[in-house]
Amino acid sequence: MTDTVAEASKHTRGLTASYAHALVAACPRPEHAVVYGRMVLEGAIHRSVAQHATRLHQAARADAIRGGVEETVHHAQVLSDVLADLARRWGGEPRPVAPPASVPPPPVHPQAVDEHLLADEEFLLGCLSARPQKLDEVVGWLHPGDFADAGHQQIYRSLGALHHRGEPIDQLTVLWETQRRGALADRTLDAERVLRICDPSAFAGSADYVGEQVVRAALVRTAAASARQVRALADDESLAPGRLTGYALHALGPLEEVRRRWRIATGTQAEPSPAADQTAADPPAARIKAARSRSRPHLSNAAPTAASTAALRPTVLDRPHRRSPS
């Protein structure tokens, strides 16, 4: 016990022999050590997911204020890598799993939209209406859901539908298409607003540049929403780690889709995953072997069981993820 406290003190400050004995007293049945370890592991996984989801949400809010995206992209990659690593350490595969219908989705809180962003969206729609040929350049990476305003989404859908069918695009045809789609009947739009946005004499500029700004804002907005969902999942203590990581990866799906299109729009390469440096960051093999031997239950004349095999799983370490120099 003294050696254990001495070794642990090299990594964590403030450990004492009395604290170690308090931990021993809290686990009075040595034969139950495997289950005790799983209890600790489950708690560590929930805390790690909650911590990184909070960091992503904070980064998205900060980027929304300063008009950036770098911190959001970085922490989104970190959270994705952490979920994949935790899934493997628990003994599963890191794949998205949609929650069953019996699991209620986390509450959706409407996000405030900056007036400058709404002006950029109107400007972009005016550019595309005045120069329909620009739709060929943006349709591959700009989706209707990237627009923060529901009316702007409907106008962009109408522009895309007219362009896809090869029909002429002007104020009247766009108004006709939005009416056919029910946007006027449900009061998402009104005729005066559509005609004003699509007035060809009121807009001139680069659709590519403004489109990139719209996708960037959509990325930050989606990151904040995904982070809230993942944090809500992590706070649910009834979720087993396998289901937690699967549901969380599924919640990050919309964010990954926007990230992919943002990289296409800006010509940005994907950030290298910190998992690529995992081999260099892992502890030496001798230390791993010693840790496993200490965690293996000492049962005399007993064959290995499934529970004892589970004890060989390495414990979760909330190691800091280093930002790639690129």
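His-152 has a relative accessibility of 1% and is therefore classed as buried, the cut-off for that class being under 20%. The model in which this residue was examined is a predicted one. His-152 lies in helix 7, which spans residues 150-165. Its side chain forms a polar contact with the side chain of Arg-193, at 3.2 Å. When residues up to four places away in sequence are set aside, the surroundings of His-152 consist of Leu-118, Glu-121, Glu-122, Leu-125, Phe-147, Arg-193 and Ile-197.

With regard to the overall fold, the protein contains 15 helices and zero strands. Of its 326 residues, 36% are buried. Among contacts between residues at least 6 apart in sequence, 72% link positions separated by at least 24. The accessible surface amounts to about 18,800 Å², and carbon and sulfur atoms contribute 56% of this area.

The largest nonpolar core comprises 61 residues, within which Leu-142 and Ile-155 have the most contacts. Helix 10 (residues 207-234) supplies the largest share of this core, namely 13 residues. Outside the four places on either side of it in sequence, Leu-142 contacts Leu-124, Phe-147, Tyr-156, Gly-211, Val-214, Val-215 and Arg-261.

How values were computed
Residues numbered from 1 in each chain as written. Predicted model: local features only at pLDDT ≥ 70, side-chain atom pairs only at ≥ 80, totals over all residues. Heavy atoms only, no water. Helix = DSSP H or I, 4+ residues; strand = E, 2+ residues; numbered from the N terminus. Buried < 20%, exposed > 50% of the residue type's maximum accessible area, 1.4 Å probe, protein only. Contact = heavy atoms within 4.5 Å. Areas by Shrake-Rupley, 256 points an atom, 1.4 Å probe, with all protein chains shown as cover. Polar contact = N/O pair within 3.5 Å; in protein donor to acceptor, adjacent residues only side chain to side chain. Core = buried A, V, L, I, M, F, W, Y, C linked by side-chain atoms within 4.5 Å.
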